[in-house]
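Hi there,

Here is the structure I promised to send over. Have a look at it first, and my notes follow below.

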Amino acid sequence: MLFRSMAASTAPNTAASALPGARSPTPASGSSPSEVIMTWAGKMVVTPVARRPEQLRTDQDFLFTFGGRGRPVTMRSKNGDVLTCATAEYHEFHRRITAIGSEEFPLLIESPTLGEATASSLSLRLDEQVGKLDGAGYIKSKPDKQKDKGFPSGFVVRWNDHVDLLLTQPKEKPSGLKTAQFVGKVEVTAPQFTMRGEQLAVH
């Protein structure tokens with residue numbers, strides 16, 4: 001499931017990152033699935049600073065920001081999920097992943113299990129196993145979706161505010177999205193029914 005683990009890759013000369021649980025194009029020997037591995041093409045500039053920036057909590061903390069020059073950032077998971085966006089960040093202290101869309105490169109998630117989803121931004125805190133889709137958006141199931149996995153075929157949910165996500169714990173099986181709380185003029189359409197409300201919880 002996309003919300004559990006993602007790998008990032010981009011077009012040539014654009015920064016790329018492999019995030020927890022993903023397969024790097026050139027994995028380091030002895031690396032474990034819980035390690036964070038990042039790869040990129042092009043230049044990497046490291047600039048020393050006299051004082052630690054406020055957003056970095058310790059001397060061992062680090063923050064990576066990825067953004068292409070006229071190209072989107074693309075993240076891929078070992079399960080076949082693909083996320084594209086304008087910019088992405090990884091902050092080590094909270095194990096926080098952030099993906100932000102723009103008018104040129106809107107946030108778009110395409111998943112064999114979930115289907116298609118979009119919003120203004122996606123943030124995940126892997127230290128607490130929580131996340132959020134911020135801004136208006138939608139999720140559309142795949143037309144050929146298997147009945148025992150993900151949303152049923154023909155399922156569409158739209159919202160105007162945000163979605164709160166709760167992820168499974170690392171040792172839970174199956175791994176992925178545990179619950180989703182949709183907020184703001186939620187509308188659900190399916191072949192059998194249509195439902196509207198201010199909030200909707202999916203478990």
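Four aromatic pairs turn up in this predicted model, where rings of Phe, Tyr and Trp (its six-membered ring) pair if their centres lie within 6.5 Å, with planes under 30 degrees apart called stacked, over 60 edge-to-face and the rest tilted. One of them joins Phe-62 and Tyr-90: the centres are 6.3 Å apart and the planes stand at 45°, so this pair is tilted. Phe-62 lies in the loop between β1 (7-9) and β2 (63-67), while Tyr-90 is in strand β5 (residues 87-91), 28 residues apart; strands here are DSSP runs of E, at least two residues, numbered from the N terminus. Tyr-90 is buried at 0% relative accessible area, whereas Phe-62 is partly exposed at 30% (buried is under 20%, exposed over 50%, partly exposed in between, with a 1.4 Å probe and protein chains only). Phe-62, Phe-64, Phe-66 and Tyr-90 make up one aromatic cluster.

Trp-159 and Phe-182 are another tilted pair, with centres 5.4 Å apart and planes at 50°. Both of these residues are buried.

A note on conventions: residues are numbered from 1 along each chain as its sequence is written. Local features need pLDDT of at least 70 and side-chain atom pairs pLDDT 80 or more, totals for chains, interfaces and linings use all residues, and side-chain values use heavy atoms, leaving out hydrogens and water.

Best wishes

Terms used: Helix = DSSP H or I, 4+ residues; strand = E, 2+ residues; numbered from the N terminus.
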